[in-house]
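Hello,

Please find the structure below, with the sequence alongside. My notes on what was found follow it.

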Amino acid sequence: RTHEERLEVMHAEIKDGPRTPFEVSGSVFRETLTLYEQCFALAETLAHLDHLVHEGRTDRGSGLVFRAA
């Protein structure tokens, strides 16, 4: 998927309510991943959620919970 497509998928995952990056990652990367791949998937999720915050499309709640703005 392209960067923009992944941003849209992750934004859609938090539209119905706040979720942690771990929850978003588990929903977006549904295939069976090794522990090593899970770490990369979580890092990618965090990067995309932070990007959405900088765009003003997402809001970081308390701790590491993100919600749609």
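**Helix H2 and its surroundings**

The buried residues of helix H2 make their packing contacts with helix H1 (3-13), with H3 and with strand S2 (66-68). Please keep in mind that this is a predicted model.

Which residues of H2 are buried? They are Pro21, Val24, Ser25, Ser27 and Val28. Looking down the axis of H2, these buried residues fall within an arc of 165°, so they line one face of the helix.

Ser25 is one of the buried residues in H2. Its relative accessibility is 7%, and because buried means under 20%, Ser25 counts as buried. Leaving aside residues up to four places away in sequence, Ser25 touches Ala41, Leu42 and Thr45.

**The largest pocket**

Where does the lining come from? Helix H2 (21-28) and helix H3 (35-54) each supply at least two of its residues. H3 gives the most, with 5 residues. By type, the lining has 7 nonpolar residues, 3 polar ones and 1 charged one.

**His48 in helix H3**

His48 is a residue of helix H3. Is His48 buried or exposed? With a relative accessibility of 8%, His48 counts as buried. The side chain of His48 reaches the backbone oxygen of Glu44, at 2.8 Å. Not counting residues up to four places away in sequence, His48 touches His3, Arg6, Leu7 and Met10.

**Gly17 in the loop**

Gly17 sits in the loop between H1 and H2. At 21% relative accessibility, Gly17 counts as partly exposed. How far apart in space are Gly17 and Arg67, C-alpha to C-alpha? The distance is 6.0 Å, although 50 residues separate Gly17 and Arg67 in sequence.

Regards

Note on methods:
Residues are numbered from 1 along each chain as its sequence is written. This is a predicted model: local features need pLDDT of at least 70, side-chain atom pairs count only at pLDDT 80 or more; totals for chains, interfaces and linings use all residues. Side-chain values use heavy atoms; hydrogens and water are left out. Helices (H or I, at least four residues) and strands (E, at least two) are DSSP runs, numbered from the N terminus. Ala, Val, Leu, Ile, Met, Phe, Trp, Tyr, Cys and Pro count as nonpolar, Asp, Glu, Lys and Arg as charged, and the others, Gly among them, as polar. Buried means under 20% relative accessible area, exposed over 50%, partly exposed in between (1.4 Å probe, protein chains only). The arc is that of the directions from the helix axis to the C-beta atoms. Contact means heavy atoms within 4.5 Å. A polar contact is a pair of N or O atoms within 3.5 Å; within protein, one must be able to donate a hydrogen and the other to accept it, and residues adjacent in sequence count only if both atoms are side-chain atoms.
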